[in-house]
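Work through each task with the structure open, then read the solution.

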Amino acid sequence: MEIKNIAKELSSNTYPGRGIILGKSPNGKNAVIAYFIMGRSENSRNRIFEKNGRGGIRTKAFDESKMVDPSLIIYNPVLKLDGKTIVTNGDQTDTIYDFMKEGHCYRHALLTREFEPDAPNYTPRISGVVKPNGDYNLSILKSNMGQPECLRFFYEYPARAGLGHFIHTYKCDGDPIPSFEGEPTPVCIETDDIDEFTKVIWDNLNEDNKVSLFTRFIDLETGSEKERIVNKNA
């Protein structure tokens with residue numbers, strides 16, 4: 001598969017929805033994580049990221065008075081457990097955390113879940129787990145060509161310097177919105193600097209639809225972390 005440019009992948013799609021990028025920095029020293037959310041409705045756009053005290057972040061209403069339905073938009077996108085970082089686009093983050101805490105695999109957790117109950121979109125649930133050595137897994141639970149039958153796909157990657165994989169909920173904008181298709185997209189991680197990495201992603205997300213972005217670099221030798229949060233509602 002062709003290794004894509006992150007900026008071009010994002011700028012060419014007005015609505016990838018929610019997205020996860022996992023990979024390794026070019027110098028081979030850091031595991032790289034990015035998670036972003038977008039929104040078309042006022043309810044979806046009325047959100048920010050903030051730290052959750054559990055090694056990650058949670059979504060929160062920017063203006064509580066405008067919150068309509070929190071069920072699918074308020075959750076913990078990122079949690080940590082035993083040196084592993086869990087990243088997802090919904091409350092399956094907690095499902096994975098709970099299963100892993102009991103010694104089970106993230107796959108076992110996701111076998112108990114399916115796509116979101118938001119017909120006719122049936123928004124996919126995308127999930128990732130980054131291991132202490134930088135290797136990572138990605139998964140998508142999606143409808144069967146728009147029908148309410150759950151298909152589950154799991155991908156496991158050895159970390160390679162300068163390479164990442166990008167998965168997102170939607171192929172593009174639409175009504176209903178078409179689900180992501182195919183394998184996670186190989187993308188080039190072109191910088192060892194978290195601020196530059198964050199800027200490339202944020203600047204290339206559609207200006208009208210982007211809501212929030214979280215990035216994290218994990219030093220694979222020491223375990224120390226750098227992270228950034230960017231909220232359009234600030």
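**Exercise 1.** Find where Arg-54 lies relative to the ring of Tyr-97.

Solution. Arg-54 lies over the face of Tyr-97, 5.0 Å from the ring centre. For a charge to sit over a ring, NZ of Lys or CZ of Arg must be within 6 Å of the ring centre and within 35 degrees of the ring normal. Arg-40 also has its charged end over a ring, that of Tyr-15, at 5.5 Å from the centre.

This is a predicted model, in which local features need pLDDT of at least 70 and side-chain atom pairs count only at pLDDT 80 or more, while totals for chains, interfaces and linings use all residues. Residues are numbered from 1 along each chain as its sequence is written, and side-chain values use heavy atoms, without hydrogens and water.

**Exercise 2.** Classify the ring pair of Phe-197 and Phe-217.

Solution. Rings of Phe, Tyr and Trp (its six-membered ring) pair if their centres lie within 6.5 Å; planes under 30 degrees apart are stacked, over 60 edge-to-face, the rest tilted. The count comes to 7 aromatic pairs. In one of them, Tyr-106 and Phe-154 are edge-to-face, at 5.8 Å and 75°. The centres of Phe-197 and Phe-217 are 5.7 Å apart and their planes at 55°, so this pair is tilted.
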